[in-house]
Amino acid sequence: AHALLGAAALAFNQGDWAAAGTYAQESVTLFRQSEDRAGLTLALLRLGFAAGPAGEQGRRLLDEALALAQTLAPTPADQWVVALTYYVCGQGIYFRGDYPLARVYLRQALRLLQEAGDLFFLPRVLSMLAGVDLGLGDYALARTRLEESLALLAASNDLRTLALVKSGLGDAARCQGDYARAEQVYQESLALYRTLGNTADIPAMLHNLGYVALGQHDVPAASAWFVASLVQQYERDDLAGVAEGLAGLAAVAVAVRRPEQAARLLGSAETLRATAQAMVWPAERFEWDRCMAALQTQLDAAALAAAWAQGQAATVDQAVNDALAVAAEIPARAAPATSAAQKAQYGGLTMREREVAALVAQGKSNRAIARQMVIAEGTAERHIANILLKLGFHTRAQIAAWAVEQGLAHYIANLHTPADQ
């Protein structure tokens, strides 16, 4: 039962919630058979989170875990389980948007952990309390908690918590307008998620970097980050992630004064969020509100409502097409004057290899790259092998991130939806 619970934790760290749920369910069954209440509490917490803590099933499982935890003996080991239970249940309440109640649960977890002298989970609880602070608009307090959490993790090998804390710190810094700090910690979080093999959270970091670029008035870079994130979320069938990508590119549309497109994208994003029953993260809400305020200065109420309704009626594919059309219209950064200068700037890559890197950043397969460039699939594979060698990379994800950072996606004149790929 404990081994299955560990397997569930590993799957969760890698972003595979389905596998995490399967392992946790098997663990719950065994713990029930063994009548191990502490173990069963831990397994129910993991299963409840895998089921979605904001949903009815997840809520029921977390409530069962809390009721069980409150019957445990007052031993240090069992009280640690109680503290963890308050922490996870506080997370569930946070995801349901009840920030004041989440704060009550999380403060109880913090008190129990401090009494036990537990330094392992303290950074997690502080990070979650910071999320509550963000939700309540206290960005300075959130940042203070996250910096404290980061200090506690200085010597830790808990990479997932470190990635989460850095991501949260990026959110707080971004909401305060400190884009340099936000970019630094988002990039560090992105690298940690890649190390963990967590494909679920990588697109979110790309998305966040899009808002950093937009805050720095670098519209081409923002567009490229948002496209890279949107393509990955679309391929994962993550409707909540797609909704975030649409909102990001709506902000780009507002920045270049295309308000009708922005309104359509926001309408589509609202519908997808409702379909996915997804919460809006505090930093995402901050950007949404800022985008809406700017949009309302560009479009009168009647025109905004009409475009919004069009977006609500669009299919997912139509909305993604609309978003990519916005990105395709963004002017590219100025390129170096000569091919020699371009090679020097882009790690020695030839023009053809830069085009391949840009297509990789759009999420295209080798076959799709070959079809678009009118080359053999084997030639596309050789181009990618050369890129990996020249840049010292090992994966396509590294190529994609590098291409986005360099703005190479803008060398491709026509963007296509993931369905076209």
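In this predicted model, the largest nonpolar core holds 92 residues, and Leu246, Leu249, Val252 and Leu266 have the most contacts inside it. Helix α12, residues 219-235, supplies the largest share of this core, with 11 residues. A second core of 49 residues is separate and includes Tyr86, Phe121, Val125 and Leu129.

| Nonpolar core | Number of residues | Residues named |
|---|---|---|
| Largest | 92 residues | Leu246, Leu249, Val252, Leu266 |
| Second, separate | 49 residues | among them Tyr86, Phe121, Val125, Leu129 |

Leaving out residues up to four places away in sequence, Leu249 touches Ser223, Phe226, Val227, Leu230, Leu265, Ala323, Val326 and Ala327. In soluble globular proteins, nonpolar side chains tend to be buried together.

Helix α15 spans residues 282-298, 17 residues in total. From first C-alpha to last, α15 reaches 25 Å, close to the 24 Å expected at 1.5 Å a residue. Its buried residues are Pro282, Ala283, Glu284, Phe286, Glu287, Trp288, Cys291, Met292, Leu295 and Gln298.

Phe95 belongs to helix α5, which covers residues 76-95. Is Phe95 buried or exposed? Phe95 has a relative accessible area of 16%, so it counts as buried, the cut-off being under 20%. Apart from neighbours within four places in sequence, Phe95 is in contact with Phe49, Pro53, Ala54, Met279 and Trp281. Gly52 is 43 residues from Phe95 along the chain, and their C-alpha atoms are separated by 9.1 Å.

Note on methods. Residues numbered from 1 in each chain as written. Predicted model: local features only at pLDDT ≥ 70, side-chain atom pairs only at ≥ 80, totals over all residues. Heavy atoms only, no water. Core = buried A, V, L, I, M, F, W, Y, C linked by side-chain atoms within 4.5 Å. Buried < 20%, exposed > 50% of the residue type's maximum accessible area, 1.4 Å probe, protein only. Helix = DSSP H or I, 4+ residues; strand = E, 2+ residues; numbered from the N terminus. Contact = heavy atoms within 4.5 Å. Expected span 1.5 Å × (residues − 1).
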